[in-house]
Amino acid sequence: MFIGTVSPATTDAYINHIFTVPAGTKRVTVTLEYTKPGLCQLYLSVFALDEYRGSRMMPAAIGAVKLELTLSEFAASLGGIAGAIPSGEWRAQLDLERTAFTVDYRLSIELSDLEPVGSEATDLQAATPEAVAATATLE
């Protein structure tokens, strides 16, 4: 788990947290939680070995914010790209567009050696050939 603070004095546009994914991992879930009293544009992006795997954001939210991104080989949550889960260094990147407040955040990483099934997979999108092709055309 990573804990940090952003404030109007924060000059970095990106705050990177590196974590290691061991061989055999089937699912990666990255969760960013913070309380937003007002203007604080803080977004979550995830990279596997420097390859973009997805983003989550809630720019209009006020109060408790929870941004979660789950990635597996065959499915991913909204904003994520399903695909192989390579072992090695991954990066959770917090994108700080702007903030008028000092905000504490908590970033947690959950690794599993099981593919999501049943109710765990409810919010995940399957990696269909159409979705893969659409993603490829964006690059």
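## Terms and model

A residue is buried when its relative accessible area is under 20%, exposed when it is over 50%, and partly exposed in between (1.4 Å probe, protein chains only). This is a predicted model: local features need pLDDT of at least 70, side-chain atom pairs count only at pLDDT 80 or more, and totals for chains, interfaces and linings use all residues. Residues are numbered from 1 along each chain as its sequence is written, and side-chain values use heavy atoms, with hydrogens and water left out.

## T25, a loop residue

T25 sits in the loop between β2 (14-21) and β3 (27-36). Strands here are DSSP runs (E, at least two residues), numbered from the N terminus. T25 has 10% relative accessibility, so this residue counts as buried.

The side chain of T25 reaches the backbone oxygen of P22 at 2.8 Å. Leaving aside residues up to four places away in sequence, T25 touches I85, L111 and S112. Contact means heavy atoms within 4.5 Å.

## Salt bridges

How many salt bridges does a search of the whole structure find? The search finds three. A salt bridge is a side-chain nitrogen of Lys or Arg within 4 Å of a carboxyl oxygen of Asp or Glu.

## E33 and R106

E33 pairs with R106 in a salt bridge, and their closest N and O atoms are 2.5 Å apart. E33 lies in strand β3 and R106 in strand β9 (residues 103-112), so the pair ties together parts 73 residues apart in sequence. E33 is partly exposed at 24% relative accessibility. R106 is also partly exposed, with a relative accessible area of 37%.

## R91 and D50

R91 forms a salt bridge with D50; the closest N and O atoms are 3.3 Å apart. R91 belongs to strand β8 (residues 88-99), while D50 is in the loop between β4 (40-48) and β5 (51-56), so this pair links parts that are 41 residues apart in sequence. D50 is exposed, with a relative accessible area of 64%.

## E97 and R98

E97 and R98 form a salt bridge, with the closest N and O atoms 4.0 Å apart. E97 has 49% relative accessibility and counts as partly exposed. R98 counts as partly exposed at 43%.

Conventions:
Helices (H or I, at least four residues) and strands (E, at least two) are DSSP runs, numbered from the N terminus. A polar contact is a pair of N or O atoms within 3.5 Å; within protein, one must be able to donate a hydrogen and the other to accept it, and residues adjacent in sequence count only if both atoms are side-chain atoms.
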